[in-house]
Amino acid sequence: MASVTFKNVNKIYPGGVKAVIDFNLEIADKEFVVLVGPSGCGKSTTLRMVAGLEEITSGELYIGDRLVNDVPPKDRDIAMVFQNYALYPHMTVYENMAFGLKLRKVPKAEIDRKVREAAKILGIEELLNRKPKALSGGQRQRVALGRAIVREPKVFLMDEPLSNLDAKLRVQMRTELSKLHKRLETTFIYVTHDQTEAMTMGDRIVVMKDGVIQQVDTPRRIYDHPANLFVAGFIGSPQMNFLKGYLSSEGDKLYINLAQTKLPIPDGVKNKIDPSYIGKEVIMGIRPEDIHDEPAFVDYFPEYCFDANVDVVELMGSETYLYLNFYNNTLTARVDPRSNARPGDKIRIGFDMNKLHLFDPVTTKRIIE
Amino acid sequence: MQKTIIEILSEIKKQLKTPFAILDKKERYVLIGELKEKQSRCTVNLCGSKYVLAADLAPEQLSDFSLLLKELINRKFSEKLIAFLEGKGNAIEDLPNPCGLILVKSSDSFKLENFLESLFEEMLFVKADDAFIFIIPVGDLDELKETSFALYQSLSEEISSRILICIGGLAKEPTELPVAYMNAVKALQFASPFKVGVLNYTEMALEKLLASLPQESRHEFNIEIGRRIRGLDKEALKTIRTVLDCNLNLAEAARKLYIHRNTLMYRLDKISSQTGLDIRKFKDAVKMEIFLTLNELR
Ligand SMILES: Nc1ncnc2c1ncn2[C@@H]1O[C@H](COP(=O)(O)OP(=O)(O)OP(=O)(O)O)[C@@H](O)[C@H]1O
Ligand SMILES: [Mg+2]
């Protein structure tokens, strides 16, 4: 068990690619941290630096209190679970799990105890004598996890470990990994570009872009208080809607002006906005689920409502997506499947203004709160 | 293999003053020596197989002696094996068969012996110029591939940072090994210096074909297609690579790139107007794939 601390860590690959830039992060002991971001943003590079598989160009990396910049991978007390988990075909499941310990000259009896214990945790006790050929994808992934568990590392590093599994198995393994984390009480650093995985598994999420940390926070905070336009657009599906507007005030009331529509900003939100933005251009963000077409909302909050044209209606089963045209902007709304909006209709919709997000159009930073 | 080892041992025996004998795992004499009653014994790993060494030495001297012996025999055996693989020496007959041959290249030097001993009962490895040659008993090519991937992962994890494994192929008979070796060396030559992972020579038809083209025609192709592609920015090149890797499945590529499908379409339109090549057209996609592969070749 150990914390992991990055201090001003940079990674420049030979050839000049700046993969990770001034990375600062403190991961607590036993924490489950997820690194998420688009392809090429430096997630794997960051993980590989912790593993010792990639040299750190500058900065300091600590595991516990130990500076590990120059410590070779095998001495770091970490275990890595890869995306393409390969098992040795000539060895049984047992041997595949045991070999890392054998290499470290762990006594046979202890190896046996650890392998059986890990197999029990993972529910693969009956598979121990099988060869990998006779395993399903999910079972193989469990063996790969088992191989990491038996080493009792201080930190688990996982790079998209579920991305080769089919959708159903992925959901199942997601829960199993969360349970495993609780049970092992070990630090997990998990890389994914799947935001659902990030949102459901992490204690904290680190959102990265172009090698730079954009935000570090709990899933809830990241979703409700994205620090900038990138995080706002990256987390959440369908994506948050963005509209250009400007803020104006009349008396002690604050408004957002979007094309020909002017919507009042509730006092609770108003008090959290930096007043120097009044009269200035901003970018407004509203999540699809915060756009409403149900009569109860329209009746109750008439001041938040306006007309929009329905372009497309996408039935998803438990919910419906409306693609709306609002002054040549496309808005996506996630509404109740009982909605009777049809393509071509002009309907009345409203924004839940308490769930409003505002960003500075130049710095792209969040300006509420 | 044992035959070759015995040959070498007999040669070494003539050069060393200390009398010694070698026994196999079942305690049968492989090499007889003139030993006194009081001898000490230890196990010794010679060229990937376990033997017992017996000599008229105190136990603490024995361990030094076994290291020396091991060093000597491994060196001689390496020479013989490499000569054989390069088609210059005598065949080494009793190698495991079938077996697979792979080359392992690493950015750092490391000691493999303990590592491999805990993995394989019987396997051979020797150090060639800048890579290790591994000869592993395997049933078929799939097994060799899977073993190579597993080895890549354990080596990355346990030992060193940048590992490249080149699969030469399967040898049903030892006489097929030199070909497998040559293939692995070629695969290694194709790889760019920063390449890591596993390359399989038997699946590199395009690379092979392209590498065999005369410099002139490669140059011509590069000029015709490259002129158009080279002007693109990094983002565009990445977009092309991703679309190709997703088998031209645009939805998947958009997901991988984290952009909206429409953004991807827009980028592809832009690339197409800049280069005259539309990746959505199969023939243009082929040209792009060839161009990129050509440029990834060393
Ligand atoms: N060995 C390398 N040599 C040079 N550049 C590299 C190397 N490995 C990665 N890069 C570059 O560094 C950047 C970050 O790569 P990295 O693999 O860390 O991204 P990632 O976030 O894991 O992406 P993905 O989601 O596609 O796995 C990319 O621009 C990539 O091209
Ligand atoms: Mg990655």
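## A helix across the sheet of chain A

Let's start with helix α1 of chain A, residues 43-51, which lies across strands β1 (4-12), β2 and β4 of chain A. The helix runs at about 120° to β1(A). Please keep in mind that this is a predicted model.

The open sheet of chain A has four strands in the order β2-β1-β4-β5, with antiparallel pairing. Strands β2 (18-27) and β5 (66-67) of chain A each have a single partner strand, so they stand at the edges and one side of each has no neighbour in the sheet. To find where β5(A) attaches, look at β4 of chain A, residues 58-63: two bridges join these antiparallel strands. In one pairing to look up, A:Y62 has A:L67 in β5(A) as its bridge partner.

## Two packed helices in chain B

Over in chain B, helix α6 (residues 205-212) packs against helix α11 (residues 282-296) at an angle of about 70°, and their axes are 10 Å apart. The two helices, α6(B) and α11(B), are therefore roughly perpendicular to each other.

On the α6(B) side, B:L206, B:E207 and B:L210 make the contact, meeting B:E289, B:I290, B:T293 and B:L294 of α11(B). Sorted by class, this contact has four nonpolar residues, one polar and two charged.

## Where the chains meet

Chain A brings 34 residues to the contact between the chains, and chain B brings 26. About 2,700 Å² is buried between them, with carbon and sulfur atoms giving 55% of that area. B:E157, B:E158 and B:Y258 supply 26% of what chain B buries against chain A, more than any other three residues.

The count of salt bridges between chain B and chain A is one. A:R140 forms a salt bridge with B:E146, and the closest N and O atoms are 2.8 Å apart.

Technical notes
Residues are numbered from 1 along each chain as its sequence is written. Chains are lettered from A and ligands numbered from 1 in the order in which they are written. This is a predicted model: local features need pLDDT of at least 70, side-chain atom pairs count only at pLDDT 80 or more; totals for chains, interfaces and linings use all residues. Side-chain values use heavy atoms; hydrogens and water are left out. Two strands pair if DSSP finds at least two bridges between them. Contact means heavy atoms within 4.5 Å. Axes are lines fitted to C-alpha atoms, for helices over the stretch in contact, and angles run from 0 to 180 degrees between N-to-C directions. Angles under 35 degrees count as roughly parallel, over 145 as roughly antiparallel, 65 to 115 as roughly perpendicular and the rest as oblique. Ala, Val, Leu, Ile, Met, Phe, Trp, Tyr, Cys and Pro count as nonpolar, Asp, Glu, Lys and Arg as charged, and the others, Gly among them, as polar. Buried area is the accessible area (1.4 Å probe) that two parts lose on being put together, summed over both. A salt bridge is a side-chain nitrogen of Lys or Arg within 4 Å of a carboxyl oxygen of Asp or Glu.
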